[in-house]
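Here is a walk through one protein model, written for someone meeting it for the first time. Have a look at the picture, and then we'll start with a single side chain.

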Amino acid sequence: MNWAAFASAEPGSARLVEERFGAFRHHVLATLRKDGSPRTSGLEADFRGGELWLGMMAGSLKALDLRRDPRFSLQANPGEGTDMGGGDVRIAGRAYEVGGERKSWYTKEVEPPEPFHLFRTELTEVVRTYVEDEKYLVVQVWKPGAPLRTLKRA
């Protein structure tokens, strides 16, 4: 399930997630090393053409991680201070490297520094956590094939 499918299923949630990622340029990507331990790295995420794209420098360890094991988690930059305006947002899924026409199209659109790796994502989970009325912790969880689930705790 790509970003367009999520946005079609949950347009309000998708808009909030894109706004949250759009508030800051750099975010945190978690990948898996050869030994299975997590690696976190800075990354710029790009929502374009109905996809969530992950671009990275050629030969970067995070790119090599994704080539070996496509599972990832992408955490939106929480921003300055502790208010986390818009909430805490995380996207998990699998990332697959693209080349050919798709990469050429992306390169023309974005003009990234070359050489670079480009990954298209398939989502397995989108999570937004925020505080409501300064009283409740609200967690919204979406997974493919299921409606958005909201959990609220005092």
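## A tryptophan to start from

Trp 142 is buried, with a relative accessible area of 2%. Here, buried means under 20% relative accessible area, exposed means over 50%, and partly exposed is in between (1.4 Å probe, protein chains only). Trp 142 sits in strand β8. Setting aside neighbours within four places in sequence, Trp 142 is in contact with Met 1, Phe 6, Ala 9, Glu 10, Leu 123, Thr 124, Glu 125, Val 126, Pro 147 and Leu 148; contact means heavy atoms within 4.5 Å.

Before going on, a word on where all this comes from. This is a predicted model, in which local features need pLDDT of at least 70 and side-chain atom pairs count only at pLDDT 80 or more, while totals for chains, interfaces and linings use all residues. Residues are numbered from 1 along each chain as its sequence is written, and side-chain values use heavy atoms, with hydrogens and water left out.

Helices (H or I, at least four residues) and strands (E, at least two) are DSSP runs, numbered from the N terminus. Strand β8 covers residues 136-142, and five of its seven residues are buried, so β8 is largely enclosed by the rest of the structure.

Which way do β7 and β8 run? They are antiparallel, joined by seven bridges; two strands pair if DSSP finds at least two bridges between them. Val 127 has Val 141 in β8 as its bridge partner. The hairpin of β7 and β8 has three residues between the strands, and Asp 133 there takes a positive phi near 55 degrees. On to the next partner: β8 and strand β9 (residues 149-153) pair in the antiparallel sense over five bridges, with Leu 137 opposite Arg 153 in β9. In this hairpin, six residues lie between the strands, and Gly 145 takes a positive phi near 80 degrees.

Elsewhere, β1 and β5 run antiparallel and are joined by three bridges. Val 28 stands opposite Gln 75 in β5. Strand β5 also runs antiparallel to β6, with five bridges between them, and Ser 73 has Ala 92 in β6 as its bridge partner.

## One side of helix α3

Helix α3 spans residues 61-68, and its Lys 62, Ala 63, Asp 65 and Leu 66 are buried. Why do these four belong together? They cover an arc of only 155 degrees around the axis, which puts them on the same side of α3. (The arc is that of the directions from the helix axis to the C-beta atoms.) The buried residues of α3 pack against β1 (27-32), β2, β4, β5 (71-75), β6 (88-97) and β7 (116-132).

## The largest pocket

How much space lies in the largest pocket? About 490 Å³. A pocket is an open set of points on a 1 Å grid over the protein atoms alone, where a 1.4 Å probe fits, with protein on both sides within 12 Å along at least five of seven lines; lining residues have an atom within 4 Å of a point. The volume is the space filled by probe spheres set on the points, which are joined across faces, edges and corners.

The lining has 19 residues, and Glu 44, Gly 55, Met 56, Pro 112 and Pro 113 lie nearest the pocket's centre. Elements giving two or more residues to this lining are β2 (38-43), β3 (45-48), β4 (51-57) and α4 (100-110). Glu 44 itself lies in the loop between β2 and β3 and counts as partly exposed, at 35% relative accessibility. Not counting residues up to four places away in sequence, Glu 44 touches Arg 25, His 26, Trp 53 and Gly 55. Glu 44 and Arg 25 are 19 residues apart along the chain, yet their C-alpha atoms are separated by 6.0 Å.

Most residues other than glycine have a negative phi, and most peptide bonds are trans. Glu 111 has a positive phi near 55 degrees; Glu 111 lies in the loop between α4 and β7 and is exposed, with a relative accessible area of 64%. Glu 134, in the loop between β7 and β8, also has a positive phi, of about 55 degrees. Glu 134 is exposed, at 80% relative accessible area.

What kind of peptide bond joins Glu 114 and Pro 115? A cis one, with omega about -5 degrees. Pro 115 is in the loop between α4 and β7.
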